[in-house]
Amino acid sequence: MELTKRQRQIVDQATLIIADAGIQALTMNRLAARVGITEPALYRHFKSKRAILETIIQLFDDITTKVTQVDESLRGLSRLSALLRNRYSMFAANPALTRVMLTEAHFQYDKEMAGRVLNVIHSHRAAFAEALAEAQRSGQVQGDIPMTHLFHILIGPVRLLVSRWCLSGFAFDLEQEGKALWESQRKLLHP
């Protein structure tokens, strides 16, 4: 997604407002003040608050799509490990955006926005499912567990760890904790 420098500043400040005080705190007046421009000037960059929210969702989608691009030579658990490392690194590098996007409650009362967030969350599922399937075929992971269950066993604890990190005010090293969690998950998945 191509944004001008000012649009990026607006989106970044909107993300911080939502991350710090919730979506109800995001008003065009407050956002304009945070950016240091007038409210009418804000509308020259985005036609509405909804357009800003849609841009935040798209930005998260763009960033998370990049983390699914790992070395093509990696297979099975090695590929899964790389996908998880990339994801934890991306979250750690974008704490406010992570807090906004992984606290789906911000968008739950708007069906269309909730649907877009859900689509972003599910759009990256294929990369993880493919790595899990390879690991099952090669005997690295138990073969008698349905793929949907394997995915939930893998991603559920990841989401819980990231939520705990967000709720703690980013009080611990997410990448280190994520690495330790993956080592435990790897042992549980092994046949």
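## Helix α10 and its two faces

In this predicted model, the face of helix α10 directed away from its buried side bears Lys179 and Lys187, both exposed. The buried residues of the helix are Leu174, Gly178, Trp182, Gln185 and Leu189. Viewed along the axis of α10, these buried residues fall within an arc of 70°, so they line one face of the helix. Their packing partners are α5 (76–93) and α9 (147–167).

Helix α10 covers residues 174–189, 16 residues in total. Its span from first to last C-alpha is 22 Å, close to the 22 Å expected at 1.5 Å a residue.

## Overall architecture

The chain contains 10 helices and 0 strands. Read from the N terminus, its elements follow the order α-α-α-α-α-α-α-α-α-α. Along the principal axes, the C-alpha atoms fill a box of roughly 60 × 30 × 30 Å.

Of the 191 residues in the chain, 46% are buried. Among contacts with a separation of 6 or more, 65% involve residues 24 or more positions apart.

## Helix α1

Helix α1 comprises 17 residues (residues 5–21). From its first C-alpha to its last it reaches 24 Å, close to the 24 Å expected at 1.5 Å a residue. Just after α1, Gly22 adopts a positive phi of about 95°.

The buried residues of α1 are Gln7, Ile10, Val11, Gln13, Ala14, Thr15, Ile17, Ile18 and Ala19. These buried residues pack against α2 (28–35), α3 (39–45), α4 (49–67) and α6.

Arg99 is located in helix α6 (residues 95–102). Which side chain of opposite charge is nearest to Arg99, and how far away is it? The nearest is that of Asp20, 4.2 Å away. A salt bridge requires a side-chain nitrogen of Lys or Arg within 4 Å of a carboxyl oxygen of Asp or Glu. Arg99 is buried yet has no salt bridge. The side chain of Arg99 does, however, reach the backbone oxygen of Cys166 at 2.5 Å.

Arg87 belongs to helix α5. With a relative accessibility of 13%, Arg87 counts as buried. Setting aside neighbours within four places in sequence, Arg87 is in contact with Thr64, Val67, His124 and Phe128. For one of these residues, Val67, the C-alpha atom is separated from that of Arg87 by 5.9 Å, although the two residues are 20 residues apart along the chain.

Side chains of opposite charge can pair when their charged atoms come close. The structure holds 9 salt bridges. One of them joins Glu54 and Arg50, with an N to O distance of 3.5 Å. Both residues are in helix α4, and being 4 residues apart they are separated by about one helical turn. Glu54 is partly exposed, its relative accessible area being 22%. Arg50 is likewise partly exposed, with a value of 30%.

Arg50 also forms a salt bridge with Asp110, at 2.6 Å from N to O. Asp110 lies in the loop between α6 and α7 (111–123) and Arg50 in helix α4, so this pair ties together parts that are 60 residues apart in sequence. Asp110 counts as partly exposed at 26% relative accessibility. A network of salt bridges links Arg50, Glu54, Asp110, Glu112 and Arg116.

## The Arg75–Glu134 pair

A further salt bridge is found between the side chains of Arg75 and Glu134, at 3.9 Å from N to O. Arg75 is in the loop between α4 and α5, whereas Glu134 is in helix α8 (residues 125–137), so the pair ties together parts that are 59 residues apart in sequence.

Glu134 is buried, with a relative accessible area of 12%.

Key
Residues are numbered from 1 along each chain as its sequence is written. This is a predicted model: local features need pLDDT of at least 70, side-chain atom pairs count only at pLDDT 80 or more; totals for chains, interfaces and linings use all residues. Side-chain values use heavy atoms; hydrogens and water are left out. Buried means under 20% relative accessible area, exposed over 50%, partly exposed in between (1.4 Å probe, protein chains only). Lys and Arg count as positive and Asp and Glu as negative; His and the chain ends are not counted. A polar contact is a pair of N or O atoms within 3.5 Å; within protein, one must be able to donate a hydrogen and the other to accept it, and residues adjacent in sequence count only if both atoms are side-chain atoms. The expected span of a helix is 1.5 Å times one less than its number of residues. The arc is that of the directions from the helix axis to the C-beta atoms. Contact means heavy atoms within 4.5 Å.
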